[in-house]
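Dear colleague,

Please find below the structure that I was asked to pass on to you. My notes on it follow.

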Amino acid sequence: MKVLGIETSCDETSAAVLSGTDDETEIQSLVILSQDVHRIFGGVVPEIASRAHVTALVPVVERALSDAGLGRDDVDAVAVTYGPGLAGALLVGVSFAKAFAYALDVPVVGVHHMEGHLFATALEERDAVPPFTALLISGGHTLLLDVEAWGHYRLLGGTRDDAAGEAFDKVAKLLGLPYPGGPAIEREASEGRATQGASPFRFARPMLRRDQRPGERDYYDVSFSGLKTAVLNAVREATSNEPLTPATRAAIALAFQDSLIETLVEKTARAVRQFERRRVVLGGGVAGNRTLVAAMRERCAHIGARVFAPSARLATDNAAMIARAGLFHLERGERAGLDLNAFASLPLPGLPIESLAEARDKLI
Ligand code: KG4
Ligand code: ZN
């Protein structure tokens with residue numbers, strides 16, 4: 001089966017062709033066009049994102065097909081992100097996918113964006129398959145899941161406020177670094193570590209306490225808004241008499257990153273232990289952070305779990321992961337009708353009823 005994947009949930013216009021079956025897949029082509037225009041605003045402007053998708057999507061799809069050496073008629077099915085994300089941006093992809101599928105008389109299936117991230121690493125690593133503990137860390141979401149099998153997810157925890165990537169982006173702004181903040185902070189933190197060793201700053205580990213027990217919501221949930229405020233206070237103090245020096249900027253970036261990483265690593269390790277998993281799969285843009293991946297590997301090695309992380313290309317938003325998750329649903333006979341719509345928030349499919357209420361709470 002050759003699946004055309006479409007992703008337009010935020011500021012990447014992406015199309016991919018994936019071929020294969022549920023057991024064996026191959027990325028035939030992947031085109032990702034990042035909308036640079038948002039940089040001057042320091043964040044994504046939804047209306048501009050929608051318009052840019054309208055302009056870019058047809059050429060991006062044409063390029064994905066020609067890179068795969070295929071014509072439109074060779075596509076067997078279309079998989080498209082239908083939520084969560086920016087409603088207007090999603091609508092561009094969903095409308096295109098339905099029109100394409102209708103014109104070529106092939107099935108179309110809607111994919112939950114975070115389920116796409118869950119499948120991304122499996123495109124490159126044969127062993128990144130269930131059962132595993134999953135940590136999905138992106139610009140809009142932070143989800144800790146236990147994955148018993150594809151399509152069977154247990155939501156363990158999430159963020160009470162900012163997503164992990166959002167925290168990176170906001171802290172970068174406070175430090176005068178460009179958007180997106182994750183890569184910029186990672187660079188600053190490495191610089192800080194190389195030149196200063198340990199940071200002279202230390203921020204509290206958010207929602208991480210030894211007395212937390214399984215069954216309590218705090219055991220797995222995270223919260224980054226307090227950490228952001230701590231950074232703001234540190235910046236204010238450091239700049240009361242002089243502009244922020246490069247050394248202080250690097251030291252604050254390092255302390256922030258250490259705090260966020262330690263929190264996520266410990267929460268993930270708790271899930272590995274409770275569910276006795278031997279594998280951890282990371283996904284989402286923040287999983288491209290090499291310091292985080294190294295810390296996760298070191299911690300999980302002590303509890304007997306292997307950590308799988310996606311390459312930079314598949315960590316951030318891309319249509320190959322959407323095609324992969326779509327293939328899973330298509331092989332189970334799932335089809336969307338031409339009334340398929342876009343949703344800004346959407347519960348993850350495959351959650352048991354009791355965690356659905358919580359998912360709604362967390363606005364996945
Ligand atoms: O998954 P993604 O591409 O888009 C969403 O679905 O949100 O994630 C984007 C997020 C941004 O917040 C960006 O700052 C963050 O991923 N990010 C990173 C790194 N690369 C991207 N965060 C930390 N370290 C990185 N190296
Ligand atoms: Zn994403």
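**Backbone, pocket and surface**

Methionine 207 is found in the loop between α5 and α6 (225–238); helices (H or I, at least four residues) and strands (E, at least two) are DSSP runs, numbered from the N terminus. This is a predicted model, in which local features need pLDDT of at least 70, side-chain atom pairs count only at pLDDT 80 or more, and totals for chains, interfaces and linings use all residues. Residues are numbered from 1 along each chain as its sequence is written, chains are lettered from A and ligands numbered from 1 in the order in which they are written, and side-chain values use heavy atoms, with hydrogens and water left out.

Methionine 207 has a positive phi of about 60 degrees although it is not a glycine. At 18% relative accessibility, methionine 207 counts as buried (buried means under 20% relative accessible area, exposed over 50%, partly exposed in between, with a 1.4 Å probe and protein chains only). Glutamate 276, also not a glycine, has a positive phi of about 50 degrees. Its place is the loop between α7 (246–275) and β9 (279–283), and with 66% relative accessibility glutamate 276 is exposed. Most residues other than glycine have a negative phi, and most peptide bonds are trans.

One joins proline 130 and proline 131, with omega about 0 degrees; proline 131 lies in the loop between α3 and β6 (132–137). Another joins tyrosine 179 and proline 180, with omega about -5 degrees, and proline 180 is in the loop between α4 and α5.

The largest pocket holds about 1300 Å³ of space. On a 1 Å grid over the protein atoms alone, a pocket is an open set of points where a 1.4 Å probe fits, with protein on both sides within 12 Å along at least five of seven lines; lining residues have an atom within 4 Å of a point. A volume is the space filled by probe spheres set on the points, which are joined across faces, edges and corners. Of the 49 lining residues, Asp11, Ser138, Gly139, Asp169 and Tyr179 are the closest to the centre of the largest pocket. Which element gives the most to this lining? It is α4, with six residues.

Valine 37 is in the loop between β3 (25–34) and α1 (46–67), and is partly exposed, with a relative accessible area of 36%.

Yours sincerely
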